[in-house]
Amino acid sequence: MKAWLQKEFPMWARRLMWILWPAFLAACAMEMLVFAVVDPAQIQWQGAALDWSRQAFYTLSFFVFWLVISAAGALTCLLGLRPAEVNSWGSEGPLRHRRRTPVRPS
């Protein structure tokens with residue numbers, strides 16, 4: 001990896017983009033599906049019509065999709081870390097900049 005990339009973007013920022021950018025694209029695809037299939041004027045909540053504008057409904061649904069898909073991506077990223085990386089999160093310990101090596105069963 002390029003040295004300037006490591007200086008410009010720390011690992012946490014790269015991981016954040018690994019999570020947020022694909023989640024954004026997936027939320028866009030879900031929003032297109034909702035836009036094509038759902039009419040906000042016909043949505044009811046507890047038997048009463050939902051008095052939201054179309055723009056408010058589509059905006060909220062997009063951010064809900066983005067949040068849920070981002071949470072799934074963050075959980076996937078968290079489960080991919082080694083226990084030592086999780087336990088040293090935020091510290092400036094020796095494991096912070098160490099290269100990942102496969103764990104060999106003993």
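Visitor: Which residue forms a salt bridge with Asp39?
Guide: Arg54 does, and the closest N and O atoms are 2.6 Å apart. Keep in mind that this is a predicted model.

Visitor: Where do the two sit?
Guide: Arg54 lies in helix 3, while Asp39 is in the loop between helix 2 and strand 1 (44-45), so the pair ties together parts 15 residues apart in sequence.

Visitor: How many salt bridges does a search of the whole structure find?
Guide: It finds 3. One of them joins the side chains of Glu85 and Arg15, at 4.0 Å, N to O. That pair links distant parts of the chain: Glu85 is in helix 4 (residues 83-87) and Arg15 in helix 2 (residues 11-37), 70 residues apart.

Visitor: Is Glu85 buried or exposed?
Guide: Glu85 is buried, because its relative accessible area is 12% and buried means under 20%.

Visitor: Which side chain meets Arg82 in a salt bridge?
Guide: Glu85, at 3.9 Å, N to O. Through shared partners, Arg15, Arg82 and Glu85 join into one network.

Visitor: New topic. Which residues form the aromatic cluster?
Guide: Trp21, Phe24, Phe62, Phe63 and Trp66 form one cluster. Phe62 and Trp66 both lie in helix 3, 4 residues apart, about one turn of the helix. Phe62 is buried at 14% relative accessible area, whereas Trp66 is partly exposed at 24%.

Visitor: And the surface: which residues make the nonpolar patch?
Guide: Trp52, Leu60, Val64 and Val68 make a patch of about 370 Å². Trp52 sits in the loop between strand 2 (48-49) and helix 3 (54-79).

Conventions. Residues numbered from 1 in each chain as written. Predicted model: local features only at pLDDT ≥ 70, side-chain atom pairs only at ≥ 80, totals over all residues. Heavy atoms only, no water. Patch = residues over 30% accessible without salt bridge, like charges linked within 9 Å, V, L, I, M, F, W, Y side chains within 5 Å. Areas by Shrake-Rupley, 256 points an atom, 1.4 Å probe, with all protein chains shown as cover. Helix = DSSP H or I, 4+ residues; strand = E, 2+ residues; numbered from the N terminus. Buried < 20%, exposed > 50% of the residue type's maximum accessible area, 1.4 Å probe, protein only. Phe/Tyr/Trp six-rings, centres within 6.5 Å; stacked < 30°, edge-to-face > 60°.
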